[in-house]
Amino acid sequence: MSHIGRSAEPDKRMLRREFLAVRSRLTADDVRVAALALAGRALDLPELARARTVAAYVSVGSEPGTLALLDALRARGVHVLLPALLPDNDLDWGAYTGEDSLARVQHGGKMALFEPAGERLGPDAVTAADVVLLPGLAVDARGMRLGRGGGSYDRVLARLERADAHPALVVLLYDTEVVERVPSEEHDRPVHAVVTPSAVRRFHAT
């Protein structure tokens, strides 16, 4: 099956470029309006209503905005974990306690990320999450997610599997990023739901 993984990669790279190009044309107003709608949809999810701990991330650039959602979760008393990128592309985690708890961190030639400025809780902290909010560029009809290609969240998902942890996996996207099919490989795992500004779609993740 390994040849499928190799042949899928160029397709993934091409698709990533296409989705990023569309995002790059969004205005600041487009992003702001979508972020508020996205937060409203996500907060209605039963999984988030029940959650005590949510692993999330801070959106950057023209990504679907997450700050409004993070603040709303905090206001509910939810323990929100945010990732910090490690040199090997794995993720450590820290608590989100408001925008003033974020630090802008430049990782080499990559884009700057907003990460928790406080205590690091270790890569395994994510295994305590009831819900993991995943970044992505697209999701298909099977629930397969197209990420940015760094592999950080592949490591997170593998860590959850090793720990026998089963949080709800939810990806946050724009409406046009829910597509019929994206290339996938044997190690890829489907998400449970995708939230966009206008809808929630669920999958039977296995």
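Tutor: Helices (H or I, at least four residues) and strands (E, at least two) are DSSP runs, numbered from the N terminus. Please bear in mind that this is a predicted model.

Student: Where is Asp 164 placed, and is Asp 164 buried or exposed?

Tutor: Asp 164 belongs to the loop between helix H5 (152-162) and S9. Exposed means over 50% relative accessible area. With a relative accessible area of 57%, Asp 164 is therefore exposed.

Student: What is the phi of Asp 164 near?

Tutor: Most residues other than glycine have a negative phi. Asp 164 is a residue other than glycine with a positive value, and its phi is near 55 degrees.

Student: Does the category buried or the category exposed apply to Asn 89?

Tutor: Asn 89 is found in the loop between strand S2 (79-85) and strand S3 (91-95), and its phi is also positive, near 75 degrees. Buried means under 20% relative accessible area. Because its relative accessibility is 18%, Asn 89 counts as buried.

Student: With which side chain does the side chain of Glu 177 make a polar contact?

Tutor: Glu 177 is located in the loop between strand S9 (168-172) and strand S10 (193-195). Its relative accessible area is 3%, so Glu 177 is buried. Not counting residues up to four places away in sequence, Glu 177 touches several residues, including Phe 19, Pro 64 and Leu 137. The polar contact, at 2.7 Å, is with the side chain of Arg 23.

Student: Which atom of Arg 23 does the side chain of Ser 62 reach at 3.3 Å?

Tutor: Ser 62 lies in the loop between strand S1 (53-55) and H4. Ser 62 and Arg 23 are 39 residues apart in sequence, and their C-alpha atoms are 5.8 Å apart in space. At 3.3 Å, the side chain of Ser 62 reaches the backbone oxygen of Arg 23.

Student: Which word describes H2 relative to H4?

Tutor: Two packed helices are described by the angle between their axes and the distance between the axes. The axes of helix H2 (residues 28-43) and helix H4 (residues 67-75) come within 8 Å and cross at roughly 40 degrees. Because of that angle, H2 is described relative to H4 as oblique.

Student: How do the residues of the contact of H2 with H4 divide?

Tutor: H2 contributes Leu 36, Ala 39, Ala 42 and Leu 43, while H4 contributes Ala 68, Leu 69, Ala 72 and Leu 73. These residues divide into no polar, no charged and 8 nonpolar.

Conventions:
Residues numbered from 1 in each chain as written. Predicted model: local features only at pLDDT ≥ 70, side-chain atom pairs only at ≥ 80, totals over all residues. Heavy atoms only, no water. Axes fitted to C-alpha atoms, helices over the stretch in contact; angles between N-to-C directions. Parallel < 35°, antiparallel > 145°, perpendicular 65-115°, else oblique. Contact = heavy atoms within 4.5 Å. Nonpolar A, V, L, I, M, F, W, Y, C, P; charged D, E, K, R; others polar. Buried < 20%, exposed > 50% of the residue type's maximum accessible area, 1.4 Å probe, protein only. Polar contact = N/O pair within 3.5 Å; in protein donor to acceptor, adjacent residues only side chain to side chain.
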